Amino acid sequence: MTTWAELPEWSGPIDSTDQILCVASTGGAKSTLLATITLDVSSLVVIDDKGAMALPRARVVQLPPWADGDKDSDRAGVFAQAVRSGLAWHDHRKDTNRVIVRFDPADVENFAAHDAVFWAIFNRTHTVCWVDEISATGATASRAQPGLRAISARGRTRGVGLLTASQRPYGLIPGIVKYNATYLIVGPVDPDDVKDVHRVDIDIATTLPRKRGQFLLYEAGQREPFRLYLPIPPALKGWKAP
């Protein structure tokens with residue numbers, strides 16, 4: 001079997017406004033990779049369902065519990081206002097446009113609550129959306145939020161990039177996210193997690209060491225991978241992924 005070191009090295013840029021899907025097991029450095037890619041992005045919204053993300057120059061927006069407007073209009077109004085104010089532009093202080101969104105613990109995997117935030121990101125424009133664990137949003141292989149579909153299908157026309165990470169098996173990721181990805185980046189994984197990835201040399205990913213920053217990179221439409229290594233920049237030294 002070909003080894004990671006024998007693959008051609010990826011030497012091109014990775015633009016954060018592209019659509020990137022990163023799959024790796026726990027400890028596979030996927031969050032570190034995306035934190036590096038977005039380090040200089042001035043307008044960023046991170047969907048942090050783990051509730052532990054911290055990034056340079058980013059503020060945290062803690063959302064109140066979700067409520068269905070048909071059942072509790074007052075609470076629904078509070079949630080909607082929190083989303084609007086939390087993701088609002090602050091032109092006079094550009095660093096405040098880097099936002100980490102955290103949901104109430106009861107709303108992890110809440111499909112509708114996440115859809116509200118996805119639409120806010122889509123309407124914000126000129127922003128990178130980083131979903132740190134797609135399965136925690138309530139999206140499944142066969143069902144994705146309308147707002148997420150809008151970002152994936154039409155985000156480029158509004159200057160909205162989509163970075164999606166997952167430690168779950170590839171087959172559980174929403175189809176539109178997989179099909180529209182400019183780059184599929186695969187870190188250390190278990191064999192069962194990538195059995196649905198029909199790409200050349202995908203088995204190499206099962207041999208990669210954890211926490212070393214080694215990945216396979218597949219361009220859209222290409223079956224053969226490049227090797228990708230992104231060293232941790234000085235600004236992230238000592239940073240711990242959630």
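I count rings of Phe, Tyr and Trp (its six-membered ring) as a pair if their centres lie within 6.5 Å, calling planes under 30 degrees apart stacked, over 60 edge-to-face and the rest tilted. With that rule, I found that ring pairs link Trp10, Tyr183 and Phe226 into a cluster.

A note on the source: this is a predicted model, where local features need pLDDT of at least 70, side-chain atom pairs count only at pLDDT 80 or more, and totals for chains, interfaces and linings use all residues. Residues are numbered from 1 along each chain as its sequence is written, and side-chain values use heavy atoms, with hydrogens and water left out.

Next I looked up the fold. I read five helices and nine strands in the chain, taken as DSSP runs (H or I, at least four residues, for helices; E, at least two, for strands) numbered from the N terminus.

Then I went back to the rings. My search of the whole structure gave four aromatic pairs. One of them joins Trp10 and Phe226 edge-to-face, at 5.2 Å centre to centre and 75° between the planes. Trp10 sits in the segment before strand E1 (19-23) and Phe226 in strand E9 (residues 226-229), so this pair ties together parts 216 residues apart in sequence.

I checked burial too (buried is under 20% relative accessible area, exposed over 50%, partly exposed in between; 1.4 Å probe, protein chains only). Trp10 is buried at 14%, while Phe226 is partly exposed at 24%.

Another edge-to-face pair is Trp66 with Phe79, 5.0 Å centre to centre and 90° between the planes. Here Trp66 is partly exposed at 26% and Phe79 is buried at 2%.
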